[in-house]
Amino acid sequence: MKLGPLLLLLMFSFPWPLFAEVQLHGAFVQGGLIRGHTQPGHHILLNDQPIAVSLQGDFIFGFGRDAELHHHLKEIDAQGRISEQTVTIEPRHYQIERVDGISEQMMHPSKEQLKRIKAESALVKDARTKPLPLQHFSETFIWPTCGRISGIYGSQRIFNGEPRRPHFGIDIAVPAGTPIKAPAGGVVTLAHEGMFYSGKTLIVDHGMGLSSTFLHLSAIDVKVGDQVAQGDIIAKVGASGRVTGPHLDWRVNWFQTRLDPSLLVPEMPMLQ
């Protein structure tokens with residue numbers, strides 16, 4: 001997928017020294033993931049919230065679709081000395097689409113359906129809440145499958161004049177049954193056989209709160225607790241849940257913060 005010159009510049013992965021001990025690199029934009037390194041034993045806070053730091057001094061944090069543009073980063077060394085800096089990110093502009101003539105049933109689920117949706121959302125939230133001591137978050141991610149990009153992060157539809165939730169993943173239109181690879185190593189934290197909206201749903205935790213979610217699957221080839229390596233076949237593309245055709249909806253989260261998967265991978269390889 002082609003990115004604009006600004007995003008390409010911001011994604012250029014060179015270390016950015018904020019303090020004497022801290023280096024950051026990543027996509028300094030809304031929806032971006034930042035990877036950092038400090039001296040082992042130091043503490044990092046983002047907007048006064050503690051960030052987990054590995055024994056090796058590695059850490060990550062991310063910014064949502066509509067995140068504020070200025071953030072406060074604090075480092076506390078082993079002697080309790082504090083260094084502080086502002087982290088500034090760039091805004092993005094998102095695709096908005098208006099669609100009219102949507103049925104009442106599609107617009108407003110029943111009470112029973114809403115109860116089911118709430119319970120399933122709690123399962124997904126729980127799977128993204130517990131940080132695992134894994135190091136796969138530091139891997140260079142690969143595309144889980146390759147094909148035509150049919151939906152992008154941050155886009156939003158307005159149905160019958162009512163704004164709907166933005167799209168928080170990237171849609172890849174490929175035939176049902178196409179294998180899906182793990183974009184990075186991790187542990188399976190959720191494997192659900194049929195959610196109301198997302199159908200067969202799979203979540204792989206990469207460590208430090210970073211996770212990948214795969215929606216609308218036709219088959220899940222792993223189970224909760226399984227460890228997977230980058231490139232392992234973990235599922236197959238489908239059209240389960242509320243969709244109009246087969247595709248993979250791939251999403252990336254830092255805990256509950258929804259990130260743009262396209263900022264973690266190189267340009268989509270050319271299809272044969």
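A nonpolar core is defined as a set of buried Ala, Val, Leu, Ile, Met, Phe, Trp, Tyr and Cys residues joined through side-chain atoms within 4.5 Å, where buried denotes under 20% relative accessible area (1.4 Å probe, protein chains only). The model is predicted: local features need pLDDT of at least 70 and side-chain atom pairs count only at pLDDT 80 or more, whereas totals for chains, interfaces and linings use all residues. Residues are numbered from 1 along each chain as its sequence is written, and side-chain values use heavy atoms, with hydrogens and water left out.

The largest nonpolar core comprises 46 residues, of which Leu-24, Phe-61, Leu-202, Phe-214, Ile-234 and Trp-250 touch the most other members. At least two residues of this core come from each of β3 (33–37), β4 (43–46), β6 (58–62), β13 (169–173), β16, β17, β19 and β20; strands are DSSP runs (E, at least two residues), numbered from the N terminus. Another core, of five residues, lies apart from it and includes Val-124, Ala-127, Leu-190 and Met-195.

Strand β17 (residues 210–220) is mostly covered, nine of its eleven residues being buried. Pairing requires at least two DSSP bridges between two strands. Six bridges link β17 to β16 (residues 199–207) in the antiparallel sense, with Ser-211 of β17 as the bridge partner of Asp-205. Two residues separate the strands of this hairpin, in which Met-208 takes a positive phi near 60°.

Strand β17 also pairs with β20 (residues 248–254), antiparallel and over six bridges; here Leu-215 stands opposite Asp-249. Three bridges join β17 to the antiparallel strand β19 (residues 233–237), where Lys-236 is the bridge partner of Ala-219.

Note on methods:
Buried < 20%, exposed > 50% of the residue type's maximum accessible area, 1.4 Å probe, protein only. Helix = DSSP H or I, 4+ residues; strand = E, 2+ residues; numbered from the N terminus.
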